[in-house]
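The sequence and structure come first.

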Amino acid sequence: MFEKPDAAGAEPEMRAPKDWVTILARYREPSTLRSFFEIAVTFGAFVLLWGVAWWAMGVSYWLTVAIALVNAAFLVRLFAIQHDCGHGSFFKSRFISDWLGRVLGVLTLTPYDVWRRAHAIHHSASGNLGRRGMGDIHTLTVAEYKAMTPGNQLKYKIYRSPLVLFGLGPAYTFYLENRLPFGFMTNTKFWLSAMATNAAILASLAIVFAIGGWAPLLLIFLPTTLLAATVGVWLFYVQHQFETTHWDTETDWQLHEAALYGSSYYVLPSVLQWAVANLGIHHVHHLNSRIPFYRLPEVLRDHDYFAEGNRMTIRQSLSSLRLRLWDEDSRRLLSFSQARALP
């Protein structure tokens, strides 16, 4: 958990969240060479493993599925690059970033322009109790939950269960929900984004089917995309769902405080940190989303404040699964049992 600065400002590293934005601006400049290297390595490995998995169908279907599951790591990384394109942090050119993002959206099953807009809303409203519902894990306050009927409480419990969030949720989100521009149904631009992505996905799958039949779709496409989707939803969950996260009412909410105090630093082994393109350094990302993912570790290196704040290990992240209700009095995310014990 971050120690928050007092009114006097305290130590240099204990600055107010909004003051960090200017300091972190020096990390915003992307390297064109580095960005091309990252996309080449990630996309190249993704295509190579698809080819190896296809070859492995002649050896063992189990081997094929195993290779496809490994390839999910590279698909997650491609989504992270698409994510940076959406923030305009991967290339200096918005044109190049946007078109790379649209192409990657076919692989990640995510219409780029729709997602970019929804994600921008997430960044602008994260931690705001008055603006929940777009690009976040739905979270109720203790008071809201207790005021619900037993039937609606049961619905919320089902929604917040691991089986739904990480079992059914990823498949629903990436295979079904992403096919339509929900939240922007009256906007032609977002319909075009969704339909063009759908058409490109369908054409790609049709080519795969024409060449190899159902086998590569069932043994390669489905395992890779489903595992990548599950990892993506899990990452999004742990980035904001932890005991000391930050929520405020509309009148008290402040953008930079919510960004810093309401986002975690997910500490991962180096190989996993590479696979998720430093998405675990989420507190820094929310504070300044224009920093390319490959420069986020520089911030941790240069500023101990970020290296120590809101740290979450893999073991600690598993315990966050029981936390489902925000208590406005204690300013903690609580489990259902903890909420029941409140007076």
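## Cavity

The structure contains one cavity of 30 Å³ or more. Here a cavity is a set of points, on a 1 Å grid over the protein atoms alone, where a 1.4 Å probe fits but cannot get out. Grid points are joined across faces, edges and corners, and a volume is the space filled by probe spheres set on the points. The model is predicted: local features need pLDDT of at least 70 and side-chain atom pairs count only at pLDDT 80 or more, while totals for chains, interfaces and linings use all residues. Residues are numbered from 1 along each chain as its sequence is written, and side-chain values use heavy atoms, with hydrogens and water left out.

The largest cavity holds about 160 Å³ of space. It is lined by 18 residues, and those closest to its centre are His122, Ser126, Gly127, Asp136 and Trp247; a lining residue has an atom within 4 Å of a point. At least two lining residues each come from α5 (112–125) and α10 (214–240), where helices are DSSP runs (H or I, at least four residues) numbered from the N terminus. The lining of the largest cavity has six nonpolar, nine polar and three charged residues. In this classification Ala, Val, Leu, Ile, Met, Phe, Trp, Tyr, Cys and Pro are nonpolar, Asp, Glu, Lys and Arg are charged, and the others, Gly among them, are polar.

The largest pocket has about 1300 Å³ of space. A pocket is an open set of points with protein on both sides within 12 Å along at least five of seven lines. Of its 45 lining residues, Gly135, Asp136, Thr173, Glu177 and Phe236 are the closest to the centre.

Two or more residues of this lining are given by each of α3, α4 (94–108), α5, α8 (162–176) and α10. The largest share, eight residues, is from α10. By class, the lining of the largest pocket has 27 nonpolar, 16 polar and two charged residues.

## Packing of α2 and α3

Helix α2 (residues 32–56) and helix α3 (residues 61–87) have axes that come within 9 Å and cross at roughly 160°. Axes are lines fitted to C-alpha atoms, for helices over the stretch in contact, and angles run from 0 to 180 degrees between N-to-C directions. The two helices, α2 and α3, are therefore roughly antiparallel (over 145 degrees).

Residues of α2 including Phe43, Phe46, Leu49 and Trp50 meet residues of α3 including Ile67, Phe74, Leu75 and Leu78; contact means heavy atoms within 4.5 Å. The residues of this contact of α2 with α3 comprise 16 nonpolar, three polar and two charged.

## Packing around α5

The axes of α3 and α5 lie 10 Å apart at an angle of about 70°, and α3 and α5 are therefore roughly perpendicular (65 to 115 degrees). The contact involves Phe79, Gln82, His83, Cys85, Gly86 and His87 of α3 with Tyr112, Trp115, Arg116, His119 and His123 of α5. It has four nonpolar, six polar and one charged residues.

The axes of α5 and helix α9 (residues 188–212) come within 7 Å and cross at roughly 130°. The contact of α5 with α9 has four nonpolar, two polar and four charged residues.

Conventions: Angles under 35 degrees count as roughly parallel, over 145 as roughly antiparallel, 65 to 115 as roughly perpendicular and the rest as oblique.
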